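Let's take a friendly walk through one protein model. Keep the sequence and the 3D view at hand as you read.

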Amino acid sequence: MEKTGNKHIEDFPPAALHLNDLEEIIRLFEENCEEVTLKTSEYENVKPSELPELIQKLHLSSFEDIYIVGRSPYVTLDLRSFGIKAYVSESNSIQLGLIAQIKDLVQNRKKKYFNVIPNIFIGIPMLAGFTAIYLNEWGLMAIAFGVSFLMIWPAVKYQMSKTLVVHTVPKKQELSFLKRKRDEVIIAISSAFMGALFSLLLVKYLG
């Protein structure tokens, strides 16, 4: 008889994990649990040694979802596109210690700008709107606040995108610069565009 998980843990940051990281997480499970299996939406009872075969069968650049189940003690880790959830059967030092080690690993792979980008989408046009109010430019104010309002959906859509990505290749094999630096590129382009617009407003009405 085995007790199922009764404690739910979910405060993991948005992150991009690679095959190296997944293998390290599995290793931590194997160090703390007597039996470890993997599961996806298509396959279950996958042994850790069968992970390369699983990746070949799925033909994916990243997992949509993958679950790690440890028994004796019972610990599960759900790695899904919308985030990470962990369950433990007991709040003891072994199980919570395992989760703490995984959190440390995920923390090192967190998406640095995941929460900053939506603020840029909405905040910079709003700042331009307040500047227009200060300059008594009501037409520009309406445009700026309109743009800020229109940016709400792209910002929400971005945050609804993959909070967690688990790549099926090791980190050193990740190819595209744009994939690795997507958030930084978005921030640079958005900031440059909005900064140029803001500067033009200042030059036109204060210069």
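The report below looks at salt bridges and then at a group of neighbouring strands.

## A predicted model

Please keep in mind that this is a predicted model. In it, the count of salt bridges comes to six.

Start with K103 and D11, which form a salt bridge whose closest N and O atoms lie 2.6 Å apart.

How do the two partners face their surroundings? K103 has a relative accessible area of 23%, so it is partly exposed. D11 has 55%, which makes it exposed, because the exposed class begins over 50%.

## A bridge within one helix

Now find helix α2 (residues 51–58), where E53 and K57 are four residues apart. That spacing means that about one helical turn separates them. Their side chains meet in a salt bridge, at 3.9 Å from N to O. This distance still counts, because the cut-off is within 4 Å.

## A bridge with a buried partner, and a network

R80 and D78 form another salt bridge, their closest N and O atoms being 3.2 Å apart. D78, at 8%, counts as buried, because buried means under 20%.

Salt bridges can also join up: E24, R27 and E31 are linked in a network of them.

## Strand β6 and its neighbours

Strand β6 spans residues 75–80 and is mostly covered, with five of its six residues buried. On one side of the pairing story is strand β5 (residues 65–71), which runs antiparallel to β6 and is joined to it by six bridges. One example is G70, whose bridge partner in β6 is V75. β5 and β6 form a hairpin with three residues between them. In that turn, S72 has a positive phi of about 60 degrees.

Strand β6 also pairs with strand β7 (residues 83–88), again antiparallel and with six bridges. Here L79 has I84 in β7 as its bridge partner.

How values were computed: Residues numbered from 1 in each chain as written. Predicted model: local features only at pLDDT ≥ 70, side-chain atom pairs only at ≥ 80, totals over all residues. Heavy atoms only, no water. Buried < 20%, exposed > 50% of the residue type's maximum accessible area, 1.4 Å probe, protein only. Helix = DSSP H or I, 4+ residues; strand = E, 2+ residues; numbered from the N terminus. Pairing = 2+ DSSP bridges.
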